[in-house]
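Biologist: I have this one open on my screen. Can you walk me through chain B, bit by bit?

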Amino acid sequence: MSGTELNGGGQAEAVAKAGPAGGASFLKGVAFDQQMIVLLLFAAIFLAFSLLLPGFFTVGNLLTLMRTVSVLGILGLGMAVVVIGRGIDLSMIASLAVPSAVVLMLASKDYGIATSLLCGVSLAVAIGVLNGFLVAYAEIPSLFTTLAVGIGIAGIGQSGLFEYEIVPWPAQLAAISWIGQGSLLGIPYSVLAFIAAAIIVGIFMRKTRLGAFIYASGDNPNAARIAGIPVRPILMLQYIIAGLVAMFAGLVLSASSSSMDTRIFNLTWIYDVILVVVLGGIGLSGGRGGVINVIIGTLLIGTIVNGMTIMNVSFEMQNLIKGVVLLAALSIDSIVNPRNEETAQQGDI
Amino acid sequence: MSPILELRQLTKVYARVAAVESIDFTLLKGEVHALLGENGAGKSTLTKMIAGVVSPTSGTIVLDGKDITLRTPSDALAAGIAMVFQETSLVPSMTVAQNLFLGNEHFFNRVRGINIAAQQFMQSLSFQVDPTVQVGSLGAAKKQMVEIARAMLLKARIIVFDEPTATLTPEEKRHFFELVNTLRERGVSVIFISHALEEALSISDRITILRDGKLVLTDKTANFDRARIVQAMVGRTLSQELYGTRKTSVRPAGRRVLSVSNLRVGNVVKNNSLSVFAGQITGIFGLVGSGRTETFKVVAGAIKRDYTNGGEVFLDGKRVRYRVPAQSVRDGVAYITEDRKIEGFFETMSIKSNIFMGLLAKLRGKFWLKGREVDTVGEKWVKSLQVRAVSKGARVIELSGGNQQKAVIAKSLVQEPELIIFDEPTRGVDVGAIAEIHQIINRLADEGKAVVVISSYLPEVMQLSDRLLVARQGKVVEEFSPIEATEEKLMYAAVH
């Protein structure tokens, strides 16, 4: 696990070399440019908010920012895996809410932490398997599959699985409530959870055979198939990972807010997740980008949203602004990462 | 004759690579102009720019002495330029008449009205097509007639054909040539892309030859013969070195590695039977529609044979039926695709990663990757196949066709296959790299591997093969020894 890593996107390399010390001028390649632009944009906005917005650059606010962003970031990691594999998972918010609410509910009924977690994980995996099976074997476009599965799962959750729409964090789970509460050396545990998830997903994507397969089948599913890569099982794996990551995000979220709101699916949160991924520079055409892009995208979106909240921008206005930014990011993505003419016709999302 | 269309310094750049570079081209009124060149020479890109499908990066298009900008195919149609594609752009579920008037219907579109109008118009062109028939039920030649009629109906003065005869039978071809003559008589200018030199020589007035995106020469057809065209297309007389010598000895057949019997795939492969032996190169020659690619894709598990009466495939005497290529790869079969962009390489990855991906696909039970492995495996194969790239980390997409092909070959060879199927191994490959790829193929056979070379380029199969199989309409019909075979004999077997 040492030495250089398998360079899936030509991008990891660019990032590695583009650290503060490495002069970046010799590096060409749009992906890198886009990352740099987003990073600079983040720095500029952060600086502007710090100077202009009273109350932005305070310890309390920055902690809030990082806490809110961390859950979004964790979701972004899961989404990134699917998008790199040339898909999209709109059911992630449902996978965030329902499996973790199941854990809370079972724990509150004294089933024990291990059993509750196991049930939650099984449900998350089942959602991933369902998504993956429909996309890979029934060949339904991922956009529709995951939209339908997401609505269905959220519906099951809302229609009587739980006693109340808001499932409280039970006392029985006090042993693991640290994942969303408290802090280590001033850093909230939820942020540490994001960092940990980023490291795990990063290692999986770049250092394991399966991660390499996800990159390959996202880049060119036909070539991957001919080369002997099991493309369909790999597709299923992507959605399973996304489901598990979403459930993890759900646990962090519910621990930090002491409850899980199962109505969360009605929120437009999934678009924030897509925004994070696309803005960070993970092309929807597949095979490009990595964890670093999610981190950059998360920081940028977190800062913008937090700043707007401080500025008292109304919720509707915030949605409008986010919508415009998402559209702009998608347009830039399709210009910067054009899909290959030939492969465009197959395996589309 | 006066010029109708002029291209000045026309250039199209894709991903920093010029597909067409600074082309000056003149089309005269009422002439038939053949556009020749190897795959990847830029013929399609050039004609697509003329038809408004692709916008030029720089340069101007001058029609009737005026500069024009063609942003969409409908711009081009309005200017009187129509393009007939290989894959027809007709709507199969509509009738001929509906297709003819598609997009130009009156507000109240009376079926009887357009049928009569279509009938009259077809008669005026002396085309024998029933306007009430669904287009989907027509043969390739009739579909082409409908396309031409549509272009004529839209008052096209320039019609561009992209390989119009590739899918036609000899009889249909003759008819097509008559159509072209009719168009010429009506003062329509025709540009057609072709791979068949004889066709170009027999029906065109002038010929333009492209090579590597540049225009090599334009001249009256009368001033050309086959040799001059080939030389201009290939650019060097190297083709003499490559293909000039006749094969005098063949490798003996080793054990029977592959045997296919009575294979069926839909309408494409019909009762195909053949065998491939170790330690020699089996050449498969056949035209488009001979089912040669499909047969071997079944062997490699990339497509499936018919479920009932699909025939048998035996690998080393063992009956196999692969669902996915992963299974055939495990059993030592490598299929090296004829279309490397679609099925060959991973465009975002470096050469080394591409090659390593081949190894990963074959390895089982491995979980962790080691960074150094990518480099050592990649560098070993880059060196052994002489893949040349501008920089070490260069991505495959930035390579020349020949080097791309070598990278794709390396990606398969790293899997240490026993049966290697090359499908059009030198399509879109520069001449220098062709020689190197041929060396690689020969080396594999010398090492005792069973090698299959599918090619529609006669000199190539004749030069490489130790055994020559000719496929026609879905099955292998004849076997030749390359020592006795002549191009004429092979072509005769492939066509009749």
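Biologist: Let's start with two helices. Are α5(B) and α6(B) roughly parallel or roughly antiparallel to each other?
Modeller: Keep in mind that this is a predicted model. Helix α5 (residues 140-153) of chain B and helix α6 (residues 170-185) of chain B pack at an angle of about 15°. Angles under 35 degrees count as roughly parallel, so α5(B) and α6(B) are roughly parallel to each other.

Biologist: How far apart are the axes of α5(B) and α6(B)?
Modeller: Their axes are 10 Å apart. The crossing of α5(B) with α6(B) is right-handed.

Biologist: Which residues make the contact?
Modeller: From α5(B), the residues are Ala140(B), Ala141(B), Gln144(B), Met145(B) and Ile148(B). From α6(B), they are Glu172(B), His175(B), Phe176(B) and Leu179(B). Sorted by class, the contact has 6 nonpolar, 2 polar and 1 charged residues.

Biologist: Which strands does α5(B) lie across?
Modeller: Helix α5(B) lies across β6 and β7 (158-162) of chain B. Its direction is at about 170° to β6(B).

Biologist: Now that sheet. In what order do its 6 strands come?
Modeller: The order is β6-β7-β8-β3-β9-β10 in chain B. The sheet is open and its pairing is mixed. β6 (81-84) and β10 of chain B are the edge strands, each pairing on one side only. From one strand to the next, the twist averages 20°.

Biologist: How many bridges join β3 to β9(B)?
Modeller: There are 4 bridges between strand β3 (residues 32-36) of chain B and β9(B), and the two run parallel. Within that pair, Leu36(B) stands opposite Ile209(B) in β9(B).

Biologist: Where is Asp212(B) found?
Modeller: Asp212(B) is in the loop between β9 (206-211) and β10 (214-220) of chain B. It has 18 other C-beta atoms within 10 Å, so Asp212(B) is partly exposed. Asp212(B) and Lys43(B) are 169 residues apart in sequence, yet 9.7 Å apart in space, C-alpha to C-alpha.

Biologist: Over how many bridges do β11 and β12(B) pair?
Modeller: Strand β11 (residues 256-265) of chain B pairs with β12(B) over 6 bridges, in the antiparallel sense. One bridge links Ser259(B) to Ser275(B) in β12(B).

Biologist: Is Glu424(B) buried or exposed?
Modeller: It has 22 C-beta neighbours inside 10 Å, so Glu424(B) counts as buried. The cut-off for buried is 20 or more.

Biologist: And what about the phi of Gln473(B)?
Modeller: Gln473(B) is not a glycine either, and its phi is positive at about 45°. It lies in the loop between β19 (467-472) and β20 (475-480) of chain B. With 15 other C-beta atoms within 10 Å, Gln473(B) is partly exposed.

Terms used: Residues are numbered from 1 along each chain as its sequence is written. Chains are lettered from A and ligands numbered from 1 in the order in which they are written. This is a predicted model: local features need pLDDT of at least 70, side-chain atom pairs count only at pLDDT 80 or more; totals for chains, interfaces and linings use all residues. Axes are lines fitted to C-alpha atoms, for helices over the stretch in contact, and angles run from 0 to 180 degrees between N-to-C directions. Angles under 35 degrees count as roughly parallel, over 145 as roughly antiparallel, 65 to 115 as roughly perpendicular and the rest as oblique. A crossing is left-handed if the near helix is turned anticlockwise from the far one by less than a right angle, and right-handed if clockwise. Two residues are in contact if their C-beta atoms, placed from the backbone, lie within 7 Å. Ala, Val, Leu, Ile, Met, Phe, Trp, Tyr, Cys and Pro count as nonpolar, Asp, Glu, Lys and Arg as charged, and the others, Gly among them, as polar. Two strands pair if DSSP finds at least two bridges between them. A residue is buried if 20 or more other C-beta atoms lie within 10 Å of its own, exposed if 12 or fewer, and partly exposed in between; C-beta atoms are placed from the backbone.
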